[in-house]
Number of protein chains: 2
Amino acid sequence: MLKKERQAYILHQVNLHNKVLSSSLSQEINVSEDTIRRDLQELADEGKVIKVHGGALSHSFSQVYYHPTHNIYSHEQKKTIAQKAAALIQDGMFVLTTGGTTILEMARTLSPHLRATFISGSIPAVLEYMNHPNIDVILIGDRVSKNSKITVGGEAIAKIKQIRADLCFMGMNAIDIQHGITDNDWDIVQLKKAMIESSQKVVCLTIAEKINTLQPIHICNVSDIDILITELPPDDPLLKPYRDAGIEIL
Amino acid sequence: MLKKERQAYILHQVNLHNKVLSSSLSQEINVSEDTIRRDLQELADEGKVIKVHGGALSHSFSQVYYHPTHNIYSHEQKKTIAQKAAALIQDGMFVLTTGGTTILEMARTLSPHLRATFISGSIPAVLEYMNHPNIDVILIGDRVSKNSKITVGGEAIAKIKQIRADLCFMGMNAIDIQHGITDNDWDIVQLKKAMIESSQKVVCLTIAEKINTLQPIHICNVSDIDILITELPPDDPLLKPYRDAGIEIL
DNA sequence: CAGCTTACTGCGTTTTTATGCAGGATTTTC
DNA sequence: GAAAATCCTGCATAAAAACGCAGTAAGCTG
């Protein structure tokens, strides 16, 4: 088993269960605990997990209480993105959304006059939508993934496939002109794939930091999305390849 | 259980109940009181809790008492109910629940050791269940009713009917020996009816205040429920008619 | 392809951390 | 003011981490 492969597996386990033990991982993958520890160290250095004595925890574990500085930092950027995104929604539309902080920010930005229907499996997102007086909210049901606070599974995917939405807002973790959009959680990748299929227009939201980055699992090609929104101005050179690929940049 | 994990659990409990006892925590998590004390000390050093003799308090507690007396009053009652209810749940069970403050209180009371599957359409309830390390959560999807924060509609009912749960916990608004259980929201009545049908045992939770009261819409007869839980001792005369009707009173 | 370099992994040893336990000190409670 | 509960302190132990080292695999270069 290759190192990257192993680390992707570890990351997946962390995202799935919110915690991993060095000892059990070492048994599962048949490597020494030393190796696991080194992997966890690397993942921790990249900020992907939180290393603790005996194993590691998902970031979502302390997220609630920690992260004041970094959050506020990228918060401004996300606000910019949110405003651009919210402007796309018109009265009467059916809007499908994933979870994620960028989407949450968009939910908070919505005009109180907007009359639309929002469909999502993300619990934090739904909580935000609920606060809007004129928005109808449809919650996609299924098993709840604890770290991402979103419903995942076959039922959820089947339900999404029954929908024909006008717009799909997708928060994403990595986009690359060659490999397209990628992510690190199998279940969520399945969800996102279904959402793309069920929507007339796909809008991707991301902070510029994630442009030209890669994650292990493939969601779709760059050509499958319609609009890309970042905090940068549309003519930023970083975005040129995507504009050339025929994507509308906002 | 990892140290951070344990501390996160403690912190959660403190924020939830405003106070924790070292003794009960040590039992819940199965570690010595010394360890708990050290954890509390660390959390206190980080300013996250206030350590006191015998346990710790939430920070919000030290500030001026806001809580209106009535709230604290019925809160204590609901805690009593919650404890009785939580004792019914055993490992491996499938549990169907409605929403409501009494149910929420029960969710907060659940032992961290409990391994069970909770199924609900109530968003606040699901948020609570999600905090438990060993509980699987299934969210029932459909249109979100904004005032009750629960999913309602045909899809939700259809989904519930597919389930065979071991236990159903139902918070209720009114019970009367003659008219049975009644409520005032059409959609929620439909949901509750479906839940009763899909469960082996139906457990009703209510504060005694609502005993012998009436609401406009009929859910089921007294004979359709198996267990009734209130804050009163089981032999309270107010409950006698229900005991005589063959319901188990806790 | 031979030789060199580099990256990865496992092992033994040392160091650190986490936890429980015993005892005496301190606080709470009645 | 005495009994009970809770605390602190130091210590023992087991688990985990860190460190250095060596063997091996993989990659590169001429």
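I counted a residue as near if one of its heavy atoms lies within 4 Å of the strand. Sugar and phosphate make up 61% of the atoms of DNA strand C that come within 4 Å of the protein.

I noted that this is a predicted model, in which local features need pLDDT of at least 70 and side-chain atom pairs count only at pLDDT 80 or more, while totals for chains, interfaces and linings use all residues. Residues are numbered from 1 along each chain as its sequence is written, chains are lettered from A and ligands numbered from 1 in the order in which they are written, and side-chain values use heavy atoms, with hydrogens and water left out.

Next I looked up single atom pairs. A side-chain N or O atom of Thr35(A) is 2.4 Å from a phosphate oxygen of DNA strand C. For Ser32(A), a backbone N or O atom lies 3.0 Å from a phosphate oxygen of DNA strand C. In Arg38(A), a side-chain N or O atom is 2.8 Å from a base nitrogen of DNA strand C.

I then sorted the surface near DNA strand C by class and got two nonpolar, six polar and eight charged residues. Here Asp, Glu, Lys and Arg count as charged, Ala, Val, Leu, Ile, Met, Phe, Trp, Tyr, Cys and Pro as nonpolar, and the others, Gly among them, as polar.

Last, I checked where the chains join in a sheet. Strand β7 (142-145) of chain A and strand β6 (135-139) of chain B pair in the antiparallel sense over two bridges. Strands are DSSP runs (E, at least two residues) numbered from the N terminus, and two strands pair if DSSP finds at least two bridges between them. Asp142(A) has Leu139(B) as its bridge partner in β6(B).

Notes. Helices (H or I, at least four residues) and strands (E, at least two) are DSSP runs, numbered from the N terminus. A polar contact is a pair of N or O atoms within 3.5 Å; within protein, one must be able to donate a hydrogen and the other to accept it, and residues adjacent in sequence count only if both atoms are side-chain atoms.
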